[in-house]
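Here is a short report on how the parts of this structure meet and pack. Look at the sequence and the model first, then read on.

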Amino acid sequence: MREYLEKNYLNEETTIKSWLLTLDHKRIGLMYLFAIMFFFAIGGFLALFIRLELLTPIGGDILDKDTYNVFYTLHGAIMIFMFIIPSVPAAMGNLILPVMLGTKDVAFPRLNLASWYVYVVGSSIGIFSIVSGGVDTGWTFYTPYSSSTDTAVISMTFAVLVLGFSSIFTGINFIVTVHKMRAPGITWFKMPLFIWSLYATALIQILATPVIAVTMLLLIMERTFQVGIFDPAMGGDPVLFQHFFWFYSHPAVYIMILPGMGIISEIISVFSKKKIFGYKFIAGSSMAIALFGFLVWGHHMFTAESEFAALVFSIITYLTALPSGVKIFNWLATLYKGKISFEAPMLYAINFLLLFAIGGLTGIFLGTLSVDVMLHDTYFVVAHFHYVMMGGTVIAFLGGLHYWWPKIWGRMYSEKWARVSAILIFFGFNLTFIPQFIMGSLGMPRRYWQYDGMLNTELFHFYHTLSTVGSWMIALSFIIMLIYLVHSIKNGKVAGSNPWGALTLEWQTPSPTPAHNFLEEPKITHGPYAYDEVEAERTID
Amino acid sequence: MFLNATEQTAWLPQQASTIASEVDALFYFIYYWTLFFLGLVTFCTFYFGWKYKNNGKKGLTSSVDHSTLLEVTWTAIPFVLVMIVFFWGAGSYIKMNVIPYGAMEVNVTAQKWSWNFKYKEGFSNPRELVVPVNTPIKLVMESQDVLHSFYVPEFRVKMDIIPNRYMMTWFEATKTGEFDIMCTEYCGSSHSEMLGKVIVKSQSDYNEWLEKANVIDESIPLVEVGRTAYKRYACNTCHSIDGTSGTGPSLKGIWGTMAEHESTAALLVDENYIRESILNPQKDIVKGYPYGNMPTFKGLIRGREIEGLIEYIKEIK
Amino acid sequence: MSNHEHHVTPLSTYLIVFSSLLALTGITVFSAQFDFGWFNIVLALMIASFKSSLVLLFFMHLYYDNKINLAFILASVVFLAIFIGITMVDTNFRSTLYDVRGKLVEEQAPKENFQKSSSHHSDEHIEHSTDH
Amino acid sequence: MSTEKTKYFQHHFVDPDQQYESSKLGMWAFLVTEVLTFAGFFCAYAIFRAWNPDMFINAHKALDVVMGGTNTVVLITSSLTMALAIRYIQINNSRAALINLVLTLIFAGTFLVIKYFEYEHKFHCGHLPGALYNPHIAPDCVAIEGNNPHVFFSIYFMMTGLHGIHVIAGMALIVWLIIRTIKGHFTPAYYTPVEMVGLFWHLVDLIWIFLFPLLYLIG
């Protein structure tokens, strides 16, 4: 049915109070979406400043060195803790997960709302930290620098601690929802893969996030009482901080990437109208990645920890890399003999396949002990994790945003401009980060405010210039995206319940979704990817 | 891009140590097979996208959703490849970490934001590590304050320096010339200026340098000694000579003025004031600057260099 | 999602568990007065684990409950063990490779040249041979 | 109970049993995060103990085994009364449940009072964490030998301190339960909050069961 549901979750009640006190998971998801996009914009602006500063080898073009250090720290901290970690689980997950499972809401709606408020409080503390001078430690807060610098470390670490709780609340909610609230007929192996990935993510959230909370607490203690756990001057050990930090922050990488992979599984199957290849493998590998993700944190410390530990961590790293690699083959095999169409979400999925492949494959260099010694803490690492985090998670998030946009608002964005933006972002992204790989392996260290007076300064200058140009291409494509998306909310064509002809449950209810998700009890008559049995009518042309 | 090229390639800097060729060979091994897989993924994406493009016809699609043979193959091949990479990498990593017997030792002190190299012969050489070619060099490194990391791209050597313990690494240079030393663990505001040089000399040149390095050349004017010391000890990373305020106060025109202090009354900037500031910097901090940033140079800097710095500061107006 | 009545644990079970917990507390305090070397900590932890199992199974009803809850709490213990265990793989093996080297060269060279500090984290300054 | 819908039934669940089971799983997931929060401290404990075994053995002599042991007994007893409170609500005896909840609260208070006296003695002796560590030489204070004894007290105060915060949080929750019990909110058909707070309280007990031998009884 191609119609706009007049009485839906967006307008059922319209007072501000009805939004701020809502228990509806979709409204909470939407509030999350706006909040994280706000921080994404701030983080993005910081990145543009950083790139401009690096346009010339000498420092001080537009930022002095302390400001530069604050900017890159905030870029990292904001993007990681305030944008990427809540992006797919808290924003997209809240919007979609209960509908996909055919239930009316998540298990604990009040906890869900609390999670948003905790996020807002945490972010506000973060903003307070920025206003009171910012932090210059790098987003990793390594001791003893972080326990000795006089910038606003305590408020920022406290913000991270508080944001951790918001993540934990979301995690608990999703775990219980998946375990106990599935509509009759949705067995574990009939769940869409997006749900599987969110479930695996939620497990990591509850198992790893408490450790960052305690790490940040210990760092605050170290700064206030010099307790001597991390500070070498008091008999502590700085590498121990790195262990604590990465025990959370490595699994956090999977908190970021797993839900992205889930979105890609949905999109690829829908837009090639093909049963997903190796469903059980993809579901199982999400769980395996979540588990093994806890065993590899030491690969961030190959040049600091004991050689024996480095050997152990290196081999487990490869074992963890395999399932991610094989997932890419599964997605490719899904394309085989499909009916592939290239709307914007699919373009993002293809962007993801190529960019994530580069991100994953360059990880092989970094997991190799002797090669990592050379590449550690250079721009190669910077480029690698941007390929995984931005080329992977952010691109998947954007794909998901375009894919579910008609469900969220009931209207379509401009397909033409969406394609322009998706293609522009692909080229801009590669232009920004491929030069950084080359610079890195040539020896350009990260977190450098100036790079004058080195043997390779001229080459670095050339590559930095390319990279800066690329960053503006990305910025341009985000501006285009902002315009057509905002425009579509009021003026877009009506999308109808199922614009893509997809088979998962969220497309069987009208768009925008009614307040309690379904007008009548959803009936499960087929699996989420049964394109070999059922052909759903597309509600747009 | 040849495995045995010792000059700089598009991806890697020149090879100037014994370990470099081994690391590079592994780098290129990974490079080529990952490039192959990237090509495969790209090809499949676009080929399938073109071949199975939706032509608007109605109808169901194939129900193929697994193929044991295919799945085993695409798991097994990468597995074998990464295991090769692991053992190869682990082998050269252990080589990088086991220091050869009889290596020449140099002690390295890292501090915000300078390097200092102490030689067994009883002198220290800031900023420049001078070593003979074709000789294994063992570096015994310590940090005075926060984390630093010793990195020479051309040697493919990197080791974090962690306060309160000695971190060791070694290299054997195969080429004479000058190479960059960089700090790769973020250490504060002038992290990017914490650079140094390795100067590799032939054995005879090295011996000649060693003889001179230990002797103070009285013929150089004091101002010049001071100008050199200002760069060598990385004074410039905190104290500018053009009047801009950095981590510490600028040196421009301070001679003979009264410097404001938090802890005591204003002090006259004279010979003793400068001497104290270099040897005992935390005693009094100039108003408006944080406590604890400047390390002491006691034991590193020579008497004549302090005298030179005093003359040099007099000159900066 | 079973619809059966919730299990009501008999009073006697609670009292038996309670008195076992008290007895075990007594045992652990008593045994701490003797020195068994490395076995001290193992014994103390074994008793503590046994006590906590009793609390988990009976006071917290895991014995009668949906087994998924048990699985979760066991998982938390597994991950706790991973965290502590693997971190100690680093902290307790910090100088292994240096030690290997020390043994190799010991045969060829005077000993004092190759002493390698093994405890790095105390703030007492370690004498080391390469200092002039 | 199960299918009987009380006024506490939330509409987005299918039936009260689903609601009860969900709350319980949610609580267990939360307890998992609690265990891993303490994991950080246990890890720090294990590593510093492995590095400085002698210092740990010397420093633990400054702790009072009698007080620690008494506190263990107090907490175990409070766990029993908490479990009994749930049992009495299950068999619809809210008066007995109320008595047991009040007893639990009293035991929790006792625990904190004993803890206060222990802390007081540490302050007196200057056995404090980190930079505050400033041992006095006094007849009632143990002299501690070894590297960095302040690290032991950092760990001691952070572990018992965080545990103490949990005790206080638990007491607040028990007060809440007492009020609701007096109001007669709980019946055999609906007692989820009692069950959840009970789980939380037992976890507080569980953590103490490990803290006690690790801090007071090593040797």
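In this predicted model, the contact between chains A and B takes 78 residues from chain A and 69 residues from chain B. Several elements build the chain B side. α1 (20–51), α2 (68–97), β6 (148–152), β7 (157–161) and β9 (177–183) of chain B each supply at least two residues to it. Which of them gives the most? That is α2(B), with 15 residues. By class, the side of chain B that touches chain A has 39 nonpolar, 21 polar and nine charged residues.

Other chain pairs touch as well. Five pairs of chains are in contact, and of these chains A and B share the most contacts. Chains B and D do not touch. Their nearest C-alpha atoms are 14 Å apart.

**Chain D**

Chain D has six helices and zero strands. From the N terminus on, its elements run α-α-α-α-α-α. Along the principal axes, the C-alpha atoms of chain D fill a box of roughly 65 × 30 × 25 Å.

**Domains of chain B**

Chain B is divided into three parts: domain 1 (1–47 + 67–98), domain 2 (104–213) and domain 3 (222–315). How far apart do the C-alpha centres of domain 1 and domain 2 of chain B lie? The distance is 30 Å. The contact of these two domains takes eight residues from domain 1 of chain B and eleven residues from domain 2 of chain B. On the domain 1 side of chain B, the residues that touch domain 2 divide into five nonpolar, three polar and no charged.

Strands of a sheet pair through backbone hydrogen bonds, either parallel or antiparallel.

One is an open sheet of five strands in the order β4-β10-β9-β6-β7 (chain B), with mixed pairing. Its edges are β4 (128–132) and β7 of chain B. Each has a single partner strand, so one side of each is left without a neighbour in the sheet. From one strand to the next, the twist averages 20°. β4(B) and strand β10 (residues 195–201) of chain B run parallel, joined by five bridges. Val130(B) has Ile199(B) in β10(B) as its bridge partner. A helix also packs on this sheet: α3 (residues 203–213) of chain B touches β4 and β10 of chain B. The direction of α3(B) makes about 130° with that of β4(B).

The other is an open sheet of five strands in the order β3-β2-β1-β5-β8 (chain B), and its pairing is mixed. Here β3 (124–126) and β8 (167–172) of chain B stand at the edges. Each pairs with a single strand, so one side of each has no neighbour in the sheet. Neighbouring strands of this sheet are turned by 25° against each other on average, direction ignored. Strand β2 (residues 114–119) of chain B pairs with β3(B) in the antiparallel sense, over three bridges. Lys118(B) has Ser124(B) in β3(B) as its bridge partner.

Two packed helices are described by the angle between their axes and the distance between the axes.

| Helix pair | Axes come within | Crossing angle |
|---|---|---|
| α8 (residues 238–271) and α11 (residues 344–367) of chain A | 9 Å | roughly 125° |
| α8(A) and α13 (residues 379–409) of chain A | 8 Å | roughly 45° |

Take α8(A) and α11(A) to begin with. They cross at roughly 125°, and are therefore oblique to each other. Their crossing is left-handed. Ile264(A), Ile267(A), Ile268(A) and Phe271(A) in α8(A) meet Pro345(A), Met346(A), Ala349(A) and Phe352(A) in α11(A). This contact has eight nonpolar, no polar and no charged residues.

Now α8(A) and α13(A). With a crossing of roughly 45°, these helices are therefore oblique to each other. The crossing of α8(A) and α13(A) is left-handed. On the α8(A) side, the residues are Met256(A), Ile257(A), Gly260(A), Ile263(A), Ile264(A) and Ile267(A). They meet residues of α13(A) including Val388(A), Gly392(A), Phe397(A), Gly400(A) and Tyr403(A). By class, the contact of α8(A) with α13(A) has ten nonpolar, five polar and no charged residues.

Notes: Residues numbered from 1 in each chain as written. Chains lettered and ligands numbered in written order. Predicted model: local features only at pLDDT ≥ 70, side-chain atom pairs only at ≥ 80, totals over all residues. Axes fitted to C-alpha atoms, helices over the stretch in contact; angles between N-to-C directions. Helix = DSSP H or I, 4+ residues; strand = E, 2+ residues; numbered from the N terminus. Parallel < 35°, antiparallel > 145°, perpendicular 65-115°, else oblique. Left-handed = near helix turned anticlockwise from the far one by under 90°. Contact = placed C-beta atoms within 7 Å. Nonpolar A, V, L, I, M, F, W, Y, C, P; charged D, E, K, R; others polar. Domains from an automatic or database assignment. Pairing = 2+ DSSP bridges.
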